[in-house]
Amino acid sequence: MTSGEDEEYPAELSSGGNFVAGPLPDDPAEIDPVDLEEIERQARRELLRVEAELNQRWPETKIEPSLDRIAALMTVLGDPQKTYPVIHVAGTNGKGSVTRMIDALLSRLGLRVGRYTSPHLQLVTERIAVDGAPIAASKYVDIYRDIAPYIGMVDNAGGPKMSKFEVLTGMAFAAFADAPVDAAVIETGMGGRWDATNVADGQVAVITPIGLDHTDYLGSDLGGIAGEKAGIIKPGSVAILAEQEPDAQRVLLERTVEVDATVARAGSEFGVLRREIAVGGQMLSLQGLGGVYDEIFLPLHGVHQANNALLALAAVEAFFGAGKDRRLDIEAVREAFAAVEIPGRLEPVRAAPTVLLDAAHNPHGARALATAIEEEFAFRRLAAVIGVLEDKDVRGVLEALEPVVSDVVVTKNSSPRAMPLDELNELALAVFGEDRVVAEPSLDAAVETAVALVEESDGGEPLAGGGVLITGSVVTVGDARTLFGKEPA
């Protein structure tokens with residue numbers, strides 16, 4: 001459990017009756033550390049039981065295009081998603097970062113915020129956050145047990161049973177109503193129109209850059225993909241649009257006209273005025289909907305993160321009704337962005353040599369990663385540890401990274417959908433050549449090999465200035481965060 005969860009110690013961690021921790025003191029500091037460790041262990045065990053149950057359902061990679069099941073669950077739960085305002089975020093790349101930035105801004109401006117994201121890096125509780133931190137394992141279990149009878153009612157109504165993602169989405173909406181939150185920031189899982197999160201009516205809809213991903217479900221036509229994601233733009237809402245390819249932009253704008261939504265476009269109504277690389281991140285000047293916000297330090301790398309910050313700012317301005325000459329509190333904005341943390345996005349986890357984690361898993365994301373590496377880092381030698389899922393455009397990812405990477409160590413992550421090592425090795429050899437590719441069966445071995453490669457010397461001391469980049473999949477980065485002792489965030 002993370003430190004943000006330590007204040008929640010329910011007297012009964014399992015509604016199934018498997019164990020009862022007993023009454024707890026009002027002050028968590030009064031709990032004996034040994035008892036506290038046992039409570040946490042029991043909560044994690046119960047969490048594993050719940051996950052085993054949920055994993056019997058359709059996985060998130062299998063969808064049936066309908067909102068009927070999630071809508072039915074919301075109805076029997078009393079429509080919790082309608083008890084707080086929602087900012088809804090869709091797109092191909094950057095939506096997780098934008099969601100976290102919006103959360104940080106709203107929180108710093110005084111609201112209690114719920115955040116729903118997917119997928120998770122290490123622990124499923126990361127997906128449902130309140131007050132900027134994942135909910136406790138015990139809370140996750142309690143929410144599931146509370147709504148399980150209603151999930152059963154929907155399952156028994158005929159047709160496919162609820163998928164795992166649909167259940168998790170219902171849990172998130174229920175958790176936010178229970179908290180209660182002042183606002184919820186909701187990231188779509190896949191697409192938008194038929195995504196389970198779309199039972200919520202966002203008063204602000206944010207569309208990050210749209211590219212090709214999940215093509216087996218969304219198709220390979222950019223306009224068609226944009227049409228699916230445009231489904232989160234609801235009547236009377238405000239649509240905040242990232243700069244898009246022309247085919248995608250046309251479809252998004254047609255949707256705003258269709259539902260009479262107000263629209264604001266990056267590069268037109270708001271934009272990045274200035275961006276300077278700084279120690280540990282970048283310094284920005286942003287033109288928002290309500291005015292200019294200067295001296296914004298963002299502790300993240302890459303022009304793509306500057307653009308994500310811009311979208312988040314405009315979304316929060318729209319949420320509060322900011323407009324011409326109605327700017328948000330500049331100091332609050334500065335403080336919020338300066339404190340933003342995005343795990344798994346060029347995240348440093350070690351020095352000497354520098355080890356960075358980035359969850360780029362499609363060519364668009366890999367190109368943004370390569371640009372950030374090229375512009376903001378000066379590695380003497382950079383070895384990439386790459387583990388991918390087999391349903392991705394793996395060659396496109398490898399080709400995007402090839403210009404900025406000296407060596408590649410291919411490996412296999414913990415997902416059952418991981419690309420077999422021999423297949424990934426063949427693809428890497430075709431892109432990088434034999435002299436630049438090594439295959440290792442496990443992530444820890446791959447990291448050791450990559451470190452050895454960048455520290456190679458002529459018999460003297462290890463050379464400085466080398467770096468290791470671990471990338472290719474959210475699962476790979478989650479595995480690496482665990483390997484390096486990082487807590488779920």
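**Burial, cores and a kink in a predicted model**

Biologist: Why is Ser118 called buried?

Modeller: Ser118 has a relative accessible area of 11%, and buried means under 20%, exposed over 50% and partly exposed in between, with a 1.4 Å probe and protein chains only; therefore Ser118 counts as buried. This is a predicted model, in which local features need pLDDT of at least 70, side-chain atom pairs count only at pLDDT 80 or more, and totals for chains, interfaces and linings use all residues. Residues are numbered from 1 along each chain as its sequence is written, and side-chain values use heavy atoms, with hydrogens and water left out.

Biologist: Where does Ser118 lie, and what does Ser118 touch?

Modeller: Ser118 is in the loop between strand 2 (113–116) and strand 3 (128–130); strands are DSSP runs of E with at least two residues, helices are runs of H or I with at least four, and both are numbered from the N terminus. Contact means heavy atoms within 4.5 Å. Leaving aside residues up to four places away in sequence, Ser118 touches Glu60, Arg127, Phe165, Glu187, Thr188 and Gly189.

Biologist: Why is Pro65 called partly exposed?

Modeller: Pro65 has 49% relative accessibility, so Pro65 falls in the partly exposed class. Pro65 sits in the loop between helix 1 (33–54) and helix 2.

Biologist: What makes Val76 partly exposed?

Modeller: The relative accessibility of Val76 is 35%, and therefore Val76 counts as partly exposed. Val76 belongs to helix 2 (residues 68–76). With Tyr150 and Met153, Val76 makes a nonpolar surface patch of about 260 Å².

Biologist: What makes a set of residues a nonpolar core?

Modeller: A nonpolar core is a set of buried Ala, Val, Leu, Ile, Met, Phe, Trp, Tyr and Cys residues joined through side-chain atoms within 4.5 Å. The largest one here has 42 residues, and those with the most contacts inside it are Ile102, Leu106, Val206, Ile240 and Phe337. Helix 9 (residues 303–320) gives the largest share of this core, 11 residues. Apart from it lies another core, of 40 residues, among them Ile70, Met74, Ile151 and Val181.

Biologist: How do you know that helix 4 has a kink at Ala148?

Modeller: The bend at a residue is the angle between axes fitted to the seven residues ending there and the seven starting there. At Ala148 in helix 4 (residues 137–155), the kink is about 45 degrees, shortly before the proline Pro149. The buried residues of helix 4 include Tyr140, Ile147 and Ile151.

Conventions
Patch = residues over 30% accessible without salt bridge, like charges linked within 9 Å, V, L, I, M, F, W, Y side chains within 5 Å. Areas by Shrake-Rupley, 256 points an atom, 1.4 Å probe, with all protein chains shown as cover. Salt bridge = Lys/Arg side-chain N within 4 Å of Asp/Glu carboxyl O.
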